[in-house]
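Q: Hello! Could you show me how to read a protein model, one feature at a time?

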Amino acid sequence: MKHRKITPESTVEAGEYLFYEPAAQIVLCASYNRKEGSIRAFVRGQLMEDKTENFKKIELTPTERREGHISGCKGCKGG
């Protein structure tokens, strides 16, 4: 897993997981305000807002993506 700096050209979407450096935690992005340079995110169930510089995008390698993939329910497949 790599962390990439968020630049003004970066796309950050609500629902995306980000790394929050001050707390060294993975958080869930709620909104990204490019004009103000701030991100709102959920940290331990609470909504907080901080400067974009304190967040990093999380990049997974293809191998890490495959390892983290969980298939759907087997009960609906009839077998």
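A: Let's start with contacts, meaning heavy atoms within 4.5 Å. Not counting residues up to four places away in sequence, V43 touches Q25, V27 and M48. This is a predicted model, where local features need pLDDT of at least 70, side-chain atom pairs count only at pLDDT 80 or more, and totals for chains, interfaces and linings use all residues. Residues are numbered from 1 along each chain as its sequence is written, and side-chain values use heavy atoms, leaving out hydrogens and water.

Q: Is V43 buried or exposed?

A: Buried means under 20% relative accessible area, exposed over 50%, and partly exposed in between (1.4 Å probe, protein chains only). V43 counts as buried because its relative accessibility is 12%.

Q: Which residues make up the largest nonpolar core?

A: In soluble globular proteins, nonpolar side chains tend to be buried together. A nonpolar core is a set of buried Ala, Val, Leu, Ile, Met, Phe, Trp, Tyr and Cys residues joined through side-chain atoms within 4.5 Å. Here the largest has 12 residues: I6, V12, L18, Y20, V27, C29, Y32, I39, A41, V43, M48 and F55.

Q: What does Y20 contact?

A: Leaving aside neighbours within four places in sequence, Y20 contacts Q25, V27, M48, D50, N54 and F55. The C-alpha atoms of Y20 and V43 are separated by 8.9 Å, though these residues lie 23 residues apart along the chain.
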